[in-house]
Amino acid sequence: MIQLCSNDDPPVSFTVPRKAVELSKTIKTMLEDLEGFDMEQTPIPLPNVDAPTLELIVKWVEQHQDDPPPVEKPRVEDDDSDDSDADDDQEPEVVIPEWDKKFLPTDDEQKNQLFKLLNAANYLEIKPLLDIGCKYVADKISGQTVEWVRDYLNMENDYTPEEEAKLKEEIAWAEGL
Amino acid sequence: MAHQQNASSSGQSSQKDDPRPMRISARKEKRTSSTSGTSHIMVLRRRSSNAVVVEPQTVAESPAPAGEVFGSAATPSLDGSSCRYALRRRRSLQQKDEEGCCASSLAATADDALMEPSKKRLKLDSPGEARNNGAARQSLGYWLPSSDGSCFVDTVPDEILLKVFSFLLEGDLGHCASVSNRFYRISNDVGVWKALYQSVFEYTTPLYHMVTAKFEFREPPRWKECPNAWKESFKQLRHGVHVRPRRNKLYEGQKGRNLVHFDRLETALRFLETRQDKEKLIFLHAGHFYPEPLVIDSAVQIVGAAPGPHVQRKIIIEQSTETTLSFVDGANGAYLGYCSVKFNPDKNSTVPHQLHYAIQVTENATPVIDHCSITSTSIVGAAVCVKKQTANPKMKHCSICDCENVGIYITDSAQ
């Protein structure tokens, strides 16, 4: 078991199975570098992660600790027999599993938490979590109007009216395909 | 001790200077190497001196002049505070850290050790994705906490937004560009557009298309005054319909995308017959097509679409009973490019094939045939036939070879 500490004052610590915590490439690399230490006795502080976020991270890695490691290029698409080199550069499609759909903090008042989680997943290099989180946000934004996106992400419009008009022209092609 | 000297320099060089064979030396990241050497010594002492209540902090520090502190800067000091060492990503050094000391990334290790010898840090390097994403992304800033916390997107680094945007489609990216200046910048990322472009068009190099019947691969630096060649090429080719068997889902039925897809070349051609308002353009993706004999009588442009330098080899249009492709009256401004056209009759057939070709151009047809490889395996007839005076195809960069009989047959006073 490995202990992780949040950046709160006082820090909140979580005890996590080593296997689960190693889903974080950042921590995995560190543990490998410190082989020989009794890491079970040494809490690992995470200066960029607060307690509620760390709790989510811990929940996620515990749920996914037994996942098979990602296969190099799993093409799940149907009978894709022709010309294999056509898809060499494509990333496998990201699908959000059912458990994760419920897990992600998706309520409106939790949006802040969702982005904190993404930040933490990025910092700890938990790629699958970052993938599904970003995919969730992308799905949410996709097909929506500019105003909706601004509203959803709580963002200010920092364009001048002139800039806005110019922009409208610039992106019109993608609208009216 | 060798590792004392190098601690003040950057992590990379300390690995080089350290004469001891390192267990982890195979790893890409070398920053912690001198650390683990020290760690081992420390651990050994701890275990061998079981009787003494071990105070590793003393072990690490008490005999140490300043240099030793550097050397063991990354050693966890087991001094009883719950946070023994901080785990940070290297790139986050650009950011102000929590104590408010603004550390330059190079001097950080030594500086931290000097300023706070008791609170030691492990500079753990992580092969962050940013490193893999090429030069385009290296200039992007790291996250800066927002002052008021109201706009949480401000707390998210560009690399996360890039990841979000990498899941979006062309229409959505347009919307995102309109959200704010920052979103505009990120939504125009070359890498995002390149991936998007290549998932739709497959080309390894963006295809330049400004006028009818002209298509040319052009490396991004040659796109004058165009910072994002992929996006620009997408824009130029946006009216094309795609023939790509079994990939319907990629083109149709998605929010944020409005492209037309067909499984068969014939149905795409029939669709374009009815389409008047936009240019008639078909992207024929990699594959071996055996369509009905095709007759082109309008300004349809058919362009092969596949990755790699030899696009035309990956798209083959073949017929075995009649002329594969005929350009007839009305085919002005028609274009065929980057594919292979074959007439390949059954060897045992008794049908005469004198008048069957891979490509036939007849009166009043003036197509452009560009970057095609044209073959006929028939023992009679020709690969290409140009017939009648007013037939005037423009053929460029084509190879007509491996024919059993004649390559080009020009007849009936054609020019």
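UniProt positions are given in the numbering used here, feature names are shortened, and annotations may be inferred rather than shown by experiment. For chain A, UniProt lists residues 1–65 as "domain: SKP1 component POZ", in an unreviewed entry.

This is a predicted model: local features need pLDDT of at least 70, side-chain atom pairs count only at pLDDT 80 or more, and totals for chains, interfaces and linings use all residues. Residues are numbered from 1 along each chain as its sequence is written, while chains are lettered from A and ligands numbered from 1 in the order in which they are written.

The end C-alpha atoms of residues 1–65 of chain A lie 13 Å apart. The span is 42% helix and 15% strand. Helices (H or I, at least four residues) and strands (E, at least two) are DSSP runs, numbered from the N terminus.

| Helix | Buried residues |
|---|---|
| H3(A), residues 51–64 | A:Thr53, A:Leu54, A:Leu56, A:Ile57, A:Trp60, A:Val61 |
| H15(B), residues 265–273 | B:Leu265, B:Ala268, B:Leu269, B:Leu272 |

The buried residues of H3(A) fall within an arc of 155°, seen down the helix axis, so they line one face. For H15(B) the arc is 100°, so its buried residues also line one face of the helix. The arc is that of the directions from the helix axis to the C-beta atoms. An α-helix has 3.6 residues a turn, so residues three or four places apart point the same way.

On H15(B), the face turned away from the buried side carries B:Arg270 and B:Glu273. Both are exposed (12 or fewer such C-beta atoms within 10 Å).

How values were computed
Buried ≥ 20, exposed ≤ 12 C-beta atoms within 10 Å, placed from the backbone. Expected span 1.5 Å × (residues − 1).
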